[in-house]
Amino acid sequence: MHSGTTLTQFIIEEQRRVVGATGDFTSLLNDVVTAIKVIAHVVNKGDLLGVLGSAGSENVQGETQKKLDVITNDVMLRSNEWAGHLAAMASEEMEDIFLIPKPYPRGKYLLIFDPLDGSSNIDVNISVGTIFSILRAPEGVTDPTAQDFLQPGTRQVAAGYALYGPSTMMMLTAGHGVNGFTLDRDVGEFILTHRNVQITPDTREFAINTSNERFWEPPVQRYVEECLQGKDGPRGENFNMRWVASMVAEVHRILVRGGVFLYPKDTKDPSKAGKLRLLYEANPMSFIVEQAGGLSSTGRERIMDIKPGGLHQRVPVILGSRNEVERLIAYHR
Ligand code: P6P
């Protein structure tokens, strides 16, 4: 049996390490966790609640919204709007930012999230997740604008994800390493099960949507081709491939057993610099991966150094085991 340290207890113990911590951040994290527990419950019900399928609307990306995209976005808003820790929120599912509405007080943090990442998998019962990132609102700003969210990933105070898989798990970092928690549904608490997670620096497992091969840039084509050549090729090793089409599931596998995940820039839609969104997918996942000893790059620059140009900016993503990401960066030079 594990030590039984709950996420709440762990966060409070973490808070004690931060000089001058007011408990504001701890309380904010707990509100995010409450939303995740509600989302876990709804997702776990599958078709029993009649909430699968399309909402008949499109999000700002022009992607068809699933009913659960809308429902989970509302859960995140309702759970986090009232406590006074946030000045505003932003989400994949909302074109503009969500200012904390009057009667509620406003706080010093900004919350950004993808409420249900990989939602195209939800109708076929494949793992999906929630990704979140916490920034500080600029000093003295109580009426933030979208501009105030456009901070590089290095300014994140915390980041985490929930993975709604065979078990519901969370991985969380506040800049002092990465820790994992498993939801005990009987108790309704996340229990510490993965302390100080570290990504193995080497791997023989890559994750990429190979159907886009003809659209990739040469460095990525070269890397994947060498992996596919296996023992007889320049790598002298056989490789394995995975593609769940759910970033949270891919990143979680990499944290637990290593690997490299690529959603590279491709020429399929030249207007897009990549598929994944910087603020609520790439940055939080990059924070987690780096804190676990991995790397996260566009191939040409560290993702967390990018100064965002817009709330829904897309970037190429290459992240995971340090030595493989370094190889890919070298191929891009
Ligand atoms: P594709 C899910 O829609 C997502 O944003 C990521 O979670 C996932 O890695 C990727 O897109 C899947 O993309 O092109 O394989 O459907």
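Guide: The account below begins with the basis of the values and then goes from the nonpolar cores to the helix contacts.

This is a predicted model, in which local features need pLDDT of at least 70 and side-chain atom pairs count only at pLDDT 80 or more, while totals for chains, interfaces and linings use all residues. Residues are numbered from 1 along each chain as its sequence is written, and side-chain values use heavy atoms, with hydrogens and water left out.

The largest nonpolar core has 43 residues; such a core is a set of buried Ala, Val, Leu, Ile, Met, Phe, Trp, Tyr and Cys residues joined through side-chain atoms within 4.5 Å. Buried means under 20% relative accessible area, with exposed over 50% and partly exposed in between (1.4 Å probe, protein chains only). Within this core, Leu111, Phe132, Ile134 and Tyr164 touch the most other members. Helix H2 (residues 24-44) supplies the largest share of the core, 11 residues; helices (H or I, at least four residues) and strands (E, at least two) are DSSP runs, numbered from the N terminus. Beyond residues up to four places away in sequence, Tyr164 touches Ile36, Ile39, Ala40, Val43, Leu116, Ser127, Val128, Gly129 and Thr130, contact being heavy atoms within 4.5 Å.

A second, separate core comprises 32 residues, including Leu276, Leu278, Ala282 and Ile306. Helix H6 (residues 278-291) is largely enclosed by the rest of the structure, because 12 of its 14 residues are buried. Among those buried residues of H6 are Glu281, Asn283, Met285 and Phe287. Ser286 also lies in H6 and counts as buried because its relative accessibility is 0%. Leaving out residues up to four places away in sequence, Ser286 touches Ser296, Ile303 and Met304. Just after H6, Gly293 takes a positive phi of about 90°.

Apart from neighbours within four places in sequence, Ile191 is in contact with Gly4, Thr5, Thr6, Gly180, Phe181, Thr182 and Asp184.

The axes of helix H1 (residues 7-17) and H2 come within 10 Å and cross at roughly 160°; axes are lines fitted to C-alpha atoms, for helices over the stretch in contact, and angles run from 0 to 180 degrees between N-to-C directions. H1 and H2 are therefore roughly antiparallel, as angles over 145 degrees are classed, with those under 35 roughly parallel, 65 to 115 roughly perpendicular and the rest oblique. Leu7, Thr8, Ile11, Ile12 and Gln15 of H1 meet Thr26, Leu29, Asn30 and Val33 of H2. These contact residues comprise five nonpolar, four polar and no charged; Ala, Val, Leu, Ile, Met, Phe, Trp, Tyr, Cys and Pro count as nonpolar, Asp, Glu, Lys and Arg as charged, and the others, Gly among them, as polar.

Helix H4 (residues 218-229) and helix H7 (residues 322-332) have axes 8 Å apart and pack at about 135°, so H4 and H7 are oblique to each other. In H4, Pro219, Val220, Arg222, Tyr223 and Glu226 meet Glu324, Arg327, Leu328, Tyr331 and His332 of H7. This contact of H4 with H7 has five nonpolar, one polar and four charged residues.
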